[in-house]
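Hi there,

Here is the structure I promised to pass on.

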Amino acid sequence: MKTIKKNQVVSVLAAIMIFMALPAGLFAREIKVNVIPGENWKEKREAQAVIWLEDLKGNYIKTLYVTERAARKNWIFSPKEGRPESLPVWYNASKYDAAKSAKKEKGLEGAEFDAVTNATPKSGIQITSQIPDGDFVLKAEFNTSFDYNDFYTKKNSGVNGQPSVVYSTEISASDLANSNGRITMEFCGTGSQDGTDGKIHDSAEKLTTAKSIVKNIEVSF
């Protein structure tokens, strides 16, 4: 019977300790999100968009993608307080403060975004991102300014028009382990009309063009 030497045991134990000390993010899984634009991807203005990750309890984890205007809160025709109603669910979840993010050549200082774009891509959004292994909720929010209809008028909705639309899907550890897995994100409601809260409101009967900002959102692993 082969004898295991003391120094070999020490080496094995040291390797196990190093392995356990490695950050969880090192074992991240890759996901791809493909946002297919709808008929009203660009209505009066280009759509603003954000994609982010939460845990199953609704706690914000990180932002995978956001349009630059929304990240910088660099709005046209906006009051001093900005446009909290543009992407209210994400703003409230992330508690993001653009004033604390100084403009830099290569991005936004202090902002933990995987990707920021200068303008909304005309062909939709395609991103590849790393997320930790586990169970999560992926959310996406979209909004187009000035998209008025008979209910959401300039008089009662200001610059915003129709409220933001929100999509979501749960991602499980088993989904991430499936290299050929594919999920379609589902519409789950609208953001606050005036940006006063981050709730997802179950009201879509008065939406018109906002329903077709996005045609489909596919998530693959």
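Which residues does V35 touch, not counting those up to four places away in sequence? V35 touches W41, I51, S123, G124, I125, Q126, F142, V214, N216 and I217, where contact means heavy atoms within 4.5 Å.

Before the rest, some housekeeping. This is a predicted model, in which local features need pLDDT of at least 70 and side-chain atom pairs count only at pLDDT 80 or more, while totals for chains, interfaces and linings use all residues. Residues are numbered from 1 along each chain as its sequence is written, and side-chain values use heavy atoms, with hydrogens and water left out.

Overall, the chain has 5 helices and 12 strands (DSSP runs numbered from the N terminus: H or I of at least four residues for helices, E of at least two for strands). Of its 221 residues, 43% count as buried (under 20% relative accessible area, with a 1.4 Å probe and protein chains only).

Now the sheet. Six strands form an open sheet with mixed pairing, in the order β6-β3-β2-β8-β9-β11 (two strands pair if DSSP finds at least two bridges between them). β6 (116–117) and β11 (186–190) are the edges, each with a single partner strand, so one side of each has no neighbour in the sheet.

7 of its 7 residues are buried, so β2 is largely enclosed by the rest of the structure. Q48, V50, W52 and E54 lie on one side, and A49, I51 and L53 on the other. β2 pairs antiparallel with β8 (residues 136–143) over 7 bridges, and with β3 (residues 60–67), also antiparallel, over 5 bridges. E54 stands opposite V137 in β8 and opposite Y60 in β3. In the hairpin of β2 and β3, G58 takes a positive phi near 90 degrees.

On its other pairing, β8 runs antiparallel to β9 (residues 165–171) and is joined to β9 by 7 bridges; F136 has I171 as its bridge partner there.

Finally, the packing. The largest nonpolar core has 32 residues, of which V33, V35, I51, L138, F142 and I217 touch the most other members (a core is a set of buried Ala, Val, Leu, Ile, Met, Phe, Trp, Tyr and Cys residues joined through side-chain atoms within 4.5 Å). β8 gives the most to this core, with 4 residues. A second, separate core of 13 residues includes W52, W75, W90 and V166.

Happy exploring!

Note on methods
Buried means under 20% relative accessible area, exposed over 50%, partly exposed in between (1.4 Å probe, protein chains only).
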